[in-house]
Every structure is written in C-alpha cells, then in structure tokens.
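Let's walk through this model together, one question at a time. Have the sequence and the 3D view open as you read.

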Amino acid sequence: MSVRDEICRLHRRAGFGLPIADLRRAVDRGVGAEVELLLGAVPAADPWDDARLPLVPRNRGAAVYAIHTWVETMVASEAPLAERVAWMWHGHFVSALDKVRVARLMVDQVRLLRRAGRGPFRDLLRAVTIDPAMLVYLDLRTSTGSEPNENYARELLELFTLGEGNYSEADVKAGAVALTGWTLVRGEGSAAFRPRRHDDAYHRYLGRDQVHDLDTVVDALMAHASLPVWIASTVAAEFLGTADPAFVAELAERFSAAGFDVGELVRAALEAVVTTDGAPVV
C-alpha cells in the first residue's frame, strides 16, 4: 500500500477525509508524522453561540443551528481526531434531542465530549453520568430514594461500561439506588445533587460492599475486569471497523496500563490503522 493510500485510510478512520491539497502535504510529511499530528491537535474553539441556544424545549431554530454547527465544525476542523472521538462517544453514551428536547443541553453534552473525550475514562464516565442531557434522556433526574429509576443504571452496565452478561439484576437495582439524588436546576440547564432525594444506604454492587453514591458506583465500575475490554472494543470498532478478540485484549491491556487514559487507547488504535503487521487493519 502506498503512503498516499495509507494516509487516506488513516484520515477516513481518524477524521472525515482530506481535501486534495491537504492530502499532498500529508503525504510529504509521511504516515508517522501524520499520526502524531492527528494525536497532538486540540479541538477548535467552541463554535456555538449560546445566544442562539435558549434553554427552552422544542425550539426548531436552535436545533437546526446546533446540529449544523457541529457538522460544519467536524468537516472543516484542523483537529479532526478530536471531533471524531467526540462523535464516537456521542454514539456510545447515547442520548438524543427528540427526548432531551432542549438543543442547548445536547450542545453542552457535545462540549463535554469534545473537552474530556481523550482524557481519563473515569472522569469522562462520572461527568457523563450527571450531564444534564443524560439526566433527562435516561431519566436519572426523576430518580429518588423512594422511587429509583433503573433506566440509566441498566444502560450504564450494559452499554456504557461492561457489556451484557457481566452484571446481575441485583447490580442494576443497587446502582439505581446509589445514583439517586441528581436532578436539574430549573431554568439553568445544570445538574445538582439533592440529598433529600437520595438513598445513602450501603449496597453490594459488582462484588463491592458499601457502594452508596456516584463516586462509589464509578469506582466499582473502574475496578471491574470487563470495563477495559468493553471500552477497547468500542474504540477498535470506531477506528478499525472490526477487530478480533485477541487484538481487543491487547488494546485493553494497554488501556489499563495507561491508567485508563483514552488518549493512549486511541493512539494504540491509530497505530493499528497504519500497520499491516499483526493488527487487523480494514
């Protein structure tokens, strides 16, 4: 495969393609230099104007503006990997405007993913859990100690961190209770913890005792053996299309050794994109 073909494939996987003039410059730099350039680039300045994103539901103009602005930013970005990683997390930590209804909340969630998407996974997971758009989408804002809602607690285990078969129904129930108390500040679009809405009793969760709140839930998840494999499989699917279990296991080991730093996991995936030895490149 030629250098040009490798760089084209790299930018299809790590970004959204390259204009011809940029492709020529990338070929001159070489594949290794292009990988480092992608990894080192930081997201562009925040492209949204909050004056055009009122905190009101079902505002079609705000919705169109929010979506158009991000798509335009992704296509034109000089840091395409940052946008591609945010796009990946947007699909992984699923939420949608049809239920959230307020475009500003969805934009704020994308801002979070752009800002924190390549940092420590623990920080990202904690922030996503109490992100206002997520609180609405998976109903955690309505969950109380007396009436815990299990929607987020279930998706947290099944889709976001461990995968099906790696937890029990008792874990779902315990997690739902431990995560109670988080809700929205009316008219502000921000999250707040309300102790009177929280059940602070200790529960057994994923084999751990004394789990009772957001941080102890996140700690239990981060300690679970299935988490690095599940997240590595997510990153491998995004950047490699498919990858065999042995390769995912290698990525998971590198992710764990790096202290669950997403940036290191992304680096490992991009290195696989541009090599033909050993790794399942597509």
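Buried means under 20% relative accessible area, exposed over 50%, and partly exposed in between, with a 1.4 Å probe and protein chains only. Helices (H or I, at least four residues) and strands (E, at least two) are DSSP runs numbered from the N terminus. This is a predicted model, in which local features need pLDDT of at least 70 and side-chain atom pairs count only at pLDDT 80 or more, while totals for chains, interfaces and linings use all residues. Residues are numbered from 1 along each chain as its sequence is written, and side-chain values use heavy atoms, with hydrogens and water left out.

Q: What does α5 reach from its first C-alpha to its last?
A: The expected span of a helix is 1.5 Å times one less than its number of residues. For the 13 residues of α5 the expected value is 18 Å, and the helix comes close to it, with a reach of 18 Å.

Q: Which residue of helix α5 forms an aromatic pair with W70?
A: Rings of Phe, Tyr and Trp (its six-membered ring) pair if their centres lie within 6.5 Å; planes under 30 degrees apart count as stacked, over 60 as edge-to-face and the rest as tilted. By this rule there are 9 aromatic pairs. The pair with W70 is tilted, at 5.6 Å centre to centre and 55° between the planes, and the partner is W87.

Q: How many residues apart in sequence are the parts that W70 and W87 tie together?
A: W70 is buried, at a relative accessible area of 7%, whereas W87 is partly exposed at 41%. W70 belongs to helix α4 (residues 60-76) and W87 to helix α5, so their pair ties together parts whose separation in sequence is 17 residues.

Q: Which helix holds F121, the partner of W89?
A: W89 and F121 make a tilted pair, 5.9 Å centre to centre with 45° between the planes. W89 is buried, with a relative accessible area of 0%, and F121 is buried at 0% too. The pair ties together parts 32 residues apart in sequence, because W89 lies in helix α5 and F121 in helix α8.

Q: Over the face of which residue does R84 lie?
A: A charge sits over a ring if NZ of Lys or CZ of Arg is within 6 Å of the ring centre and within 35 degrees of the ring normal. R84 is one of the buried residues of α5. At 5.8 Å from the ring centre, R84 lies over the face of F16.

Q: Which residue forms a salt bridge with E150?
A: A salt bridge is a side-chain nitrogen of Lys or Arg within 4 Å of a carboxyl oxygen of Asp or Glu, and the structure holds 22 of them. E150 is partly exposed, at 24% relative accessibility. With the closest N and O atoms 3.2 Å apart, the partner of E150 is K173.

Q: In which helix do R104 and D108 both lie?
A: R104 and D108 form a salt bridge, with the closest N and O atoms 3.6 Å apart. R104 is buried at 18% relative accessibility, while D108 is partly exposed at 22%. The two are 4 residues apart, about one turn of the helix, and both lie in helix α7.
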